Every structure is written in structure tokens, then in C-alpha cells.
Amino acid sequence: MTGTGSLPTEMTAIGITEPGGPEVLRPVTLPVPEPGEGEVLIRVRAAGVNRPDVMQRQGKYPPPPGAPDTPGLEIAGEVVATGADVLESLVGRRVCALVAGGGYAEYALASAAHCLPLPDDLSFVEAAAIPETLFTVWSNLFERAYVAEGDSVLVHGGTSGIGTMAIALCRLFDVRVFVTCGTEAKCAAAQALGAHAINYRSEDFVEAIRAETGGRGVTAVLDMIGGDYVPRNLKCLADDGRHVSIAVMGGAKATVFVPEIMQRRLTLTGSTLRPRSAAFKALLTGEIRDSVWPMVEDGSLRPVIDRSFPLAEAATAHVRMEAGDHVGKIVLEVRA
Ligand SMILES: NC(=O)c1ccc[n+]([C@@H]2O[C@H](COP(=O)([O-])OP(=O)(O)OC[C@H]3O[C@@H](n4cnc5c(N)ncnc54)[C@H](OP(=O)(O)O)[C@@H]3O)[C@@H](O)[C@H]2O)c1
């Protein structure tokens, strides 16, 4: 290991004492991890909070084999040490990284190939709010559903971390974006970001999409609800449309009319990011560095930040996420 030489041996992290409510998130003392081959040790300045962390805390989304038990899927901070086969010149660099766990801590390991460099004017809080949603939206909407300029999409959870990133990317790539939200206030927030927002409690989103697209439908649906949304989503798709599942918050089972898939040549697909191989994530990091990161560097892509909390208040951050009133990303800050 090569590094700054003055690293502590122990650190504060947030542990999940047992599956349960936010109160099971408690500060614990853990050894500072040592970077292995291809890894960097990052002094974490901020860590993004994601809905999958809530599910992990509830015991519904265990870490994949080999991943730390500590929650946290994205971090920003400074590289303080490097493992074998990693350029020592990375030490001192400000980076953000996608990690398979371990983000709610003062120090965390990341694969050097899953890190992205921070422009000077991007804060650690903003940077920590980017990787999980950017990687998820890019790989599912722009790659899996191959959405491109001139297309239109429907994204549920318009003010979620995922939804706000989807709006930002669609705007930058000239894709018309419709979103659904559960309140008028959330619809107003999504509209202000540049989406056409549909309040699913007062309006039938299938009818709204038909009306807004002249009956044609959208190119793709990014779905995090599942259940009875799936057949309704298919009705929102244009012929040859793509339906991408990234979560099933409304139910894991759906009934679809198979002839509709055949007659209108629809594609049903989906993915989960966390368990994908390190090689896949490295490839995705490279694609994002080439295709999207220039927009982060020139300031045109910024995450929507709801609130940040000190690391020790991770439980309060989860309470806020579960209350569902947030718009954009919730972030934990590790103060120097
Ligand atoms: N497949 C992947 O690789 C991947 C990666 C990251 C995240 N995800 C998934 O993407 C979803 C969004 O993640 P996030 O971190 O952006 O979450 P988030 O900010 O907490 O947003 C969740 C949104 O979903 C809406 N919602 C609708 N039905 C819901 C329900 N039954 N329970 C809770 N929320 C509901 C809420 O908006 P309204 O109140 O307006 O309905 C809320 O804005 C999560 O399901 C997460 O697991 C998947």
C-alpha cells in the first residue's frame, strides 16, 4: 500500500445492528480498510443515500458476496492510499466513486477503475450524489433502452434521486421526458427541472401520455414500481418501445398481455447495478467518462440535492427518505 503515511488504524462507520427501522443505523468503530490490487482508499467527505440502502437496512437487500456490510453505494473524497497496480499519483486526487457498499464511513475502498475525477467547482456533497443514479440511468435508459436525441420517455418517481438524474440527462441529450409524481408540489419541482410532470393521484398517466404524444406513446419507460404499473406502462409505449424495470416498489408480479408485446414489438428488460461484475462497472465508468463526464466538468450536469446530514445522523437521513417528501438526493457529510 502506498499513501499519505499518517492514516489512522480505526474509523467511525455506520453499522446496521440488526434488520429494522432507521434506529438500527448506529455509529461503530471499524478498522480502516487496506486497498488491495486495483483499489484506492478514499477519505470519505460525503456519501450518497439511496433507496437500496433503506432496503438493505430493512434486511431486504443483502450486500452481494464480497461487499462490505456497511451501507453506502457512492462516495466522494480524496484518495489517501493506493493498492498494487494503481498509479501512486492518484493520492491526493478528489474523486467520486461507485462502490458495492461501505460508503457510510470515514474511509472506504473503491476500485480505481470505478472512480471519476472531480472538477474544482463540484462540491463533495454534489459529487457523492452522482454515481449511483448516473450509472443506473445511463446504463438502463441510454444503453439498455438505447434512448437517443428526439425520443421521449416516461420515468416514474420524478423527484426521486433516480428521477431527477433522469430528467437532467434527458434534457442534456434532447430527450422529451415525462415523469409521474404523487403530489402537486413534487410535480411543480419536476416541471421546474424541465420535465412534463403527471400527478398520478389525480390523473391517469396512461391517458396523459396518450394525449401528450398524439396517441403515439413514448420510446421507453423507466419503471421502479412494477406490479399493476407494468401493463399500464406498456400502454404508454410506442410501437417498438422499451420497458426497463429497475425496482418493484409496487409489487414483484405483473400480468401482461403477451400478444401486445408481439404485435407492437415491445421489449421488456431490466437490471440491477450493485451485483454486476467489477469489469462491467469499469466499462460503464469509462463510457460515462467519455459520454457524460464532460457535462459534469463544464457544469451543465449537476445533481439535485435535497439535504445533507452529518454521517452520525444517518438514521435521520433514512427517516427523511422514507417520509418521501424529498426532492433529489439526500447526502451524508463527513466533516473534517
Ligand atoms: N436497478 C438498479 O440498479 C437500481 C439502482 C438504484 C436505485 N434503484 C431503485 O430505484 C428506485 C428509486 O431510488 P432512489 O434512491 O432514487 O429513491 P427515492 O429518492 O427514495 O425515490 C423513490 C420514489 O418512488 C416514488 N414511489 C412510488 N411508489 C413508492 C413506494 N411504494 N414506496 C416508496 N416510494 C415510492 C416516490 O415518489 P412519489 O411520492 O412521487 O410517488 C419517491 O420519489 C428505488 O426503488 C431503488 O431501489 C434501482
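This is a predicted model: local features need pLDDT of at least 70, side-chain atom pairs count only at pLDDT 80 or more; totals for chains, interfaces and linings use all residues.
Residues are numbered from 1 along each chain as its sequence is written, and side-chain values use heavy atoms, with hydrogens and water left out.

Back to Tyr-146. This residue is exposed, with a relative accessible area of 52%. By exposed I mean over 50% relative accessible area; buried means under 20%, and partly exposed is in between (1.4 Å probe, protein chains only). Tyr-146 also has a positive phi of about 30°, although it is not a glycine. Asp-85 is another non-glycine with a positive phi, this time about 65°. You'll find Asp-85 in the loop between strand E5 (74-82) and strand E6 (94-98), and it is exposed too, at 67% relative accessible area. For background, most residues other than glycine have a negative phi.

Now, the overall layout. The domain assignment gives domain 1 (2-130 + 274-333) and domain 2 (133-270); bounds like these come from an automatic or database domain assignment. The centres of domain 1 and domain 2, taken over C-alpha atoms, are separated by 27 Å. Across the boundary, 26 residues of domain 1 are in contact with 20 residues of domain 2, where contact means heavy atoms within 4.5 Å.

Let's go inside. In soluble globular proteins, nonpolar side chains tend to be buried together. A nonpolar core, for us, is a set of buried Ala, Val, Leu, Ile, Met, Phe, Trp, Tyr and Cys residues joined through side-chain atoms within 4.5 Å. The largest one here has 68 residues, and Leu-141, Phe-142 and Leu-169 have the most contacts inside it. Helix H4 (residues 161-172) gives this core its largest share, seven residues. Domain 1 and domain 2 each put in at least three residues. A second, separate core has 27 residues, among them Val-40, Val-49, Val-54 and Val-86.

Take Leu-141 as an example. If we leave aside neighbours within four places in sequence, its contacts include our friend Tyr-146, plus Val-153, Cys-170 and Leu-222.

Next, empty space. How do we look for it? Rolling a probe the size of a water molecule over the atoms shows where empty space is left. On a 1 Å grid over the protein atoms alone, a cavity is a set of points where a 1.4 Å probe fits but cannot get out, and a pocket is an open set with protein on both sides within 12 Å along at least five of seven lines; lining residues have an atom within 4 Å of a point. Grid points are joined across faces, edges and corners, and a volume is the space filled by probe spheres set on the points.

The largest pocket has a volume of about 940 Å³. Its lining has 41 residues, and Arg-51, Ser-160, Met-224, Ala-247 and Met-249 lie nearest its centre. By class, the lining has 18 nonpolar, 17 polar and six charged residues. Here Ala, Val, Leu, Ile, Met, Phe, Trp, Tyr, Cys and Pro count as nonpolar, Asp, Glu, Lys and Arg as charged, and the others, Gly among them, as polar.

Ser-160 is in the loop between E9 and H4, and it is buried, at 17% relative accessible area. Apart from neighbours within four places in sequence, Ser-160 is in contact with Met-224 and Gly-328. Thr-164, in helix H4, counts as buried at 4% relative accessibility. Gly-328 is among the contacts of Thr-164 as well.

The second largest pocket has a volume of about 530 Å³. Its lining has 27 residues, with Ala-67, Pro-68, Ala-100, Gly-101 and Leu-109 nearest its centre.

Last stop: the structure holds one cavity of 30 Å³ or more. The residues lining the largest cavity include Leu-73, Glu-132 and Arg-274. Okay, that's my tour!

Note on methods: Helices (H or I, at least four residues) and strands (E, at least two) are DSSP runs, numbered from the N terminus.
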